[in-house]
Amino acid sequence: MSGDGTRVVRAGRRAEWTQGIVNPPVWRASTILYDSVADLRANGGRDTHHRLFYGRRGTPTQWSLADALTELEPGAEATFLYPSGVAAIAAALLSVLSPGDELLLVDSAYDPTRNLANGLLKRMGIATRFYDPLIGEEIAELIGPSTRAIFLESPGSLTFEVQDIPAIVAVAKERGIVTLLDNTWATPLRLPALALGIDLSILAGTKYVGGHSDVMLGSVTATPARWPALRDTSYQLGQTVSPDDAFLGSRGLRTMALRLDRHAESALAVARWLADRPEVARVLHPALPDCPGSSIFHRDFRGGAGLFAFELAGGGEGARAALIDALALFGIGYSWGGFESLAIPVDPARLRTAVPWQGQGPLVRLSIGLEDAADLIADLEQGLAAWRTATG
Ligand SMILES: *Cc1c(COP(=O)(O)O)cnc(C)c1O
């Protein structure tokens, strides 16, 4: 297999989709015209994946991005695109679950994934049992007669616990249970999910695929066995992505390997610097030993990313806000994965139901962008000074 830089540059750029233009052009469409009624009838009943049929089913602009994501995930049959990461998560789960089924959902899942389970899925008669992100092979003990799917997210949102994916997949495969992974943090470049035995690999393309904080996108990449149900469910839900957004996704993808390397290198430098500071109790970065599951990270992942959190050595809400407000290079806002650094306060304790959150001090989550690490460290240094002043 080629290197990651080569793979993202070449992925999905079939001449059929690009007509020789370097970037797949934006093909806008609703109606596709046929030559005759006979032509319309001949085309109407066939599989419309990768074939012009009607705008909702996509054009070469979307197919090129979907193909690219499939090519980055060894073992994949195909990819479906969605207008957001949450839409991708919803379609993936609905392609697997039916009333009466039970879902096992990791306790460190992205908050809207929890809301989907506790809202729409519950209303449809699908039960959810939340599990400890560090459970590993002991997940076998939670499996009941109606357990149909296990949803993983690694590292976890806000708290970064690294899951033992191979151990959980082994249990699931033995019992015919479908596994879904929210792979937004690692992307297939850092964690080839399907190669590890995951059935449905989900990305919020809004983050590292887009990479510039200017597009909402989601994707699900499926094994050959799971693809037909994913495709049909997504068609039935009317899911489609605009060609302009798919174009931005493709454009972002070309630099994703380069950006991820820089995000990861700077994030590790900032995390190590924070770990040595007296104001910081703990750094929750998957590559550092204080992060639960760090040894699994070093075993399974091919590299890092730019998102992590740190726990302050005391101080309250006000002192944490003083730190974040004092930062000049870190924006204050949701989402992550863009070229600009971000800092937000996070409070996982209120979300947890399987295992109480054990953290002592207030948490700050950082998304490390493409600025120079030395400048980000200098900015955090003056942020920590503001925190010291505020804590007295
Ligand atoms: C942001 C995010 C999502 C949702 O993506 P949107 O495009 O914002 O809907 C899903 N999972 C994780 C881990 C995320 O960080």
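A: Happy to! Helices (H or I, at least four residues) and strands (E, at least two) are DSSP runs, numbered from the N terminus. This is a predicted model, in which local features need pLDDT of at least 70 and side-chain atom pairs count only at pLDDT 80 or more, while totals for chains, interfaces and linings use all residues. Residues are numbered from 1 along each chain as its sequence is written, and side-chain values use heavy atoms, with hydrogens and water left out.

Let us begin with the ligand. It is surrounded by 15 residues, with Gly85, Asp182, Thr206, Lys207 and Trp336 the closest; a residue counts here if one of its heavy atoms lies within 4 Å of the ligand. Helix H5 (residues 85–94) gives the largest share of this shell, 3 residues. By class, the shell has 7 nonpolar, 5 polar and 3 charged residues. For these classes, Ala, Val, Leu, Ile, Met, Phe, Trp, Tyr, Cys and Pro count as nonpolar, Asp, Glu, Lys and Arg as charged, and the others, Gly among them, as polar.

Now for the polar contacts, meaning pairs of N or O atoms within 3.5 Å. The side chain of Asp182 has an N or O atom 2.6 Å from a nitrogen atom of the ligand. In the side chain of Thr206, an N or O atom is 2.5 Å from an oxygen atom of the ligand. Trp336 has a polar side-chain atom 2.9 Å from an oxygen atom of the ligand. Taken alone, the ligand exposes 380 Å², and the protein buries 91% of that; such areas come from the Shrake-Rupley method with a 1.4 Å probe.

The ligand takes up the second largest pocket, where a molecule sits in a pocket if more than half of its atoms lie within 2 Å of its grid points.

The largest pocket holds about 430 Å³ of space, a volume being the space filled by probe spheres set on the points, which are joined across faces, edges and corners. Its lining has 22 residues, and Tyr110, Asp111, Leu158, Tyr334 and Arg365 lie nearest its centre. Helix H6 (111–123) and strand S10 (342–346) each supply at least two of the lining residues. This lining divides into 11 nonpolar, 3 polar and 8 charged residues.

Leu158 is found in the loop between S4 and H7, and its phi is near 70°, a positive value in a residue other than glycine. Pro155 lies in the loop between strand S4 (147–153) and helix H7 (165–174), and a cis peptide bond joins Ser154 to Pro155, with omega about -5°.

Finally, the structure holds 2 cavities of 30 Å³ or more. The largest cavity has a volume of about 200 Å³ and is lined by 16 residues, with Arg57, Gln62, Trp63, Phe80 and Leu81 nearest its centre. Its lining has 7 nonpolar, 7 polar and 2 charged residues. The second largest cavity, at about 40 Å³, has a lining that includes Leu65, Leu81 and Ser219. That lining has 6 nonpolar, 3 polar and no charged residues.

Note on methods:
Polar contact = N/O pair within 3.5 Å; in protein donor to acceptor, adjacent residues only side chain to side chain. 1 Å grid on protein atoms, 1.4 Å probe; cavity = no way out; pocket = protein on both sides within 12 Å on 5 of 7 lines; lining within 4 Å.
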